[in-house]
Amino acid sequence: MAFLSSLNIPLSGMTAERFRLDLISQNVAMADDVASNPDDVYKRQMVIFGEDRSFKDTLAKKMTEGEYIPNIFRYVQMRGVEAVQVVEDETPAEPVYSPNHPLADENGYIYESNVDRQVEIMDAMQATNSFNACKSMYEAMQGVIQASLNIGK
């Protein structure tokens, strides 16, 4: 039933936000990483979300082929959002003068990760709120589906 595939939209949002929270926790865990070279230090990871275009692509293909679609819901697979890519933050690593550190370079500098814990906390709050919004939407859709199934009783 095509209307059940509409549950994929909030579920995909919840999955995407959970993945985002996993990346945020990884960033926080690596926030204290240091290295003797700015290229070797941990760089903050961020996720890029995108729209799952499977339905739109199928519909466009069928329409350009001139196919008459009497039952459009035959092609409907509502999938929602997906994690398209994980990218590194391009903010440069912070040099810190610490000549006694074992990883210090020849000039006495170590390089700290570009992870800012306050930014990660705000991102985690935003991801949690988005997750909860998707969860609420899923529960509301479940209620509508359950009510529609009870109409025939």
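This is a predicted model: local features need pLDDT of at least 70, side-chain atom pairs count only at pLDDT 80 or more; totals for chains, interfaces and linings use all residues.
User: What makes β4 and strand β5 a pair?

Analyst: They are joined by 4 bridges and run antiparallel. Two strands pair if DSSP finds at least two bridges between them. Residues are numbered from 1 along each chain as its sequence is written, and side-chain values use heavy atoms, with hydrogens and water left out.

User: Why are β1 and β4 said to stand at the edges?

Analyst: The open sheet has the order β1-β5-β4. β1 (34–35) and β4 (94–97) each have a single partner strand, so one side of each lacks a neighbour in the sheet.

User: Why is the pair of Y97 and Y109 called edge-to-face?

Analyst: Rings of Phe, Tyr and Trp (its six-membered ring) pair if their centres lie within 6.5 Å; planes under 30 degrees apart count as stacked, over 60 as edge-to-face and the rest as tilted. Y97 and Y109 have 5.4 Å centre to centre and 70° between the planes, so the pair is edge-to-face.

User: What makes Y97 exposed and Y109 partly exposed?

Analyst: Buried means under 20% relative accessible area, exposed over 50%, partly exposed in between (1.4 Å probe, protein chains only). Y97 has 55%, so Y97 is exposed. Y109 has 32%, so Y109 is partly exposed.

User: Where is confidence lowest, and where highest?

Analyst: On pLDDT (the predictor's confidence in each residue, from 0 to 100), helix α2 (residues 54–64) is lowest, at a mean of 62, and β5 highest, at 94.

Note on methods:
Helices (H or I, at least four residues) and strands (E, at least two) are DSSP runs, numbered from the N terminus.
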